[in-house]
Amino acid sequence: MSQTVRGVVSRKKGAPVELVDVVIPDPGPGEVVVDVTACGVCHTDLTYREGGINDEFPFLLGHEAAGTVESVGEGVTNVAPGDFVVLNWRAVCGQCRACKRGRPHLCFDTHNAAQKMTLADGTELTPALGIGAFADKTLVHEGQCTKVDSAADPAVAGLLGCGVMAGIGAAINTGGVSRDDTVAVIGCGGVGDAAIAGAALVGAKRIIAVDTDAKKLDWAREFGATHTINARELDPVETIQDLTDGFGADVVIDAVGRPETWKQAFFARDLAGTVVLVGVPTPEMTLEMPLVDFFSRGGSLKSSWYGDCLPERDFPNLVSLYLQGRLPLDKFVTERIGIGDIEEAFHKMHNGEVLRSVVVFDR
């Protein structure tokens, strides 16, 4: 039997979101129904609403979520009813060439639920990132559920489902930041601050935060930045070099994803340093640079997709570090809101007033 719940839907490009009835089917083979407890308001959800992902409206928004498994379909073995889980949007297949080569974080055939959630009139919904968690309950593939310690605050744990994991993973997994490294992070929103927290966690000796907003630089210090640069007042490349004995940083993370910030990252790194692009560029952005600049500098130029994470490995570990007081994930939660406050939360996020608004569902 299907069930009807409340959910937040975007019906057309740029229009305000709507709180409507959403029909959730019973889980089929390999599927799970999750009773959502909390879900962060991520910039990707706003991008969906603005038509920046695709035009497969209507969308059921929300994806940075934690909750409890309500029911499972045939053949599900990863989780059981009652498990506390964080949802992820990369359920690896285990069979593609990346998985078989021991690189499941690069899986080329990730899974979503086979069945569709719908509006009350039967209109099929496109769940954001295959999750759709701005709803009392959602239907996902079993591989999208990662069991973690139920002692964790759901509003905090759910943020690992996207932005926080992307930033921490960009520093640790992709950038390989380690003890004694110098690190610069360009862009100090949620992803950038998570990269700073990750660099601090593994013992980077100098962490330089770059932004044009003084408030965001204050946030960066709370997550472990040892130095800050207001790019409206100082040249980021020259200042990063000055702060690293003239050499540049070992790892520079671009959490903005624009040609100008990527170039800053490229020239602000040491000669054998690493650039990590985790900010998401838009399709029309292009980059033009002399090829000799690439030839004359060593090191690595990397892109980080979802922080190169493996949820079943990384989520429980990071939750454990949070519960031990070693990783300040709770600082990302600026406010807790109701399911009817998402449109206002989009405005606050767009204006840089919050790191994360988190929808907490009434029970």
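How many bridges join strand β11 and β12, and is their pairing parallel or antiparallel? Strand β11 (residues 182–186) and β12 pair in the parallel sense over 5 bridges, where two strands count as paired if DSSP finds at least two bridges between them. The model is predicted, and local features need pLDDT of at least 70, side-chain atom pairs count only at pLDDT 80 or more, and totals for chains, interfaces and linings use all residues. Residues are numbered from 1 along each chain as its sequence is written, and side-chain values use heavy atoms, with hydrogens and water left out.

Strands and helices are named from DSSP runs (E, at least two residues, for strands; H or I, at least four, for helices) and numbered from the N terminus. As a general point, the strands of a sheet pair through backbone hydrogen bonds, either parallel or antiparallel. Strand β12 (residues 206–211) is largely enclosed by the rest of the structure, because 5 of its 6 residues are buried; here buried means under 20% relative accessible area, exposed over 50% and partly exposed in between, with a 1.4 Å probe and protein chains only.

Rings of Phe, Tyr and Trp (its six-membered ring) pair if their centres lie within 6.5 Å; planes under 30 degrees apart count as stacked, over 60 as edge-to-face and the rest as tilted. By this rule there are 9 aromatic pairs. One of them, Tyr48 with Phe59, is edge-to-face, at 5.0 Å centre to centre and 70 degrees between the planes. Tyr48 lies in helix α1 (residues 43–49) and Phe59 in strand β4 (residues 59–60), so the pair ties together parts that are 11 residues apart in sequence. Both Tyr48 and Phe59 are buried.

Elsewhere, ring pairs link Trp262, Phe266, Phe267 and Phe294 into a cluster. The charged end of Arg269 is 4.8 Å from the centre of the Phe266 ring, while Arg297 lies over the face of Phe266 at 5.5 Å from the ring centre.

What about enclosed space? On a 1 Å grid over the protein atoms alone, a cavity is a set of points where a 1.4 Å probe fits but cannot get out, and its lining residues have an atom within 4 Å of a point. Grid points are joined across faces, edges and corners, and a volume is the space filled by probe spheres set on the points. A search of the whole structure finds 1 cavity of 30 Å³ or more. The largest cavity holds about 30 Å³ of space, and its lining includes Arg90, His105 and Tyr306.

Terms used:
Lys NZ or Arg CZ within 6 Å of the ring centre and 35° of its normal. 1 Å grid on protein atoms, 1.4 Å probe; cavity = no way out; pocket = protein on both sides within 12 Å on 5 of 7 lines; lining within 4 Å.
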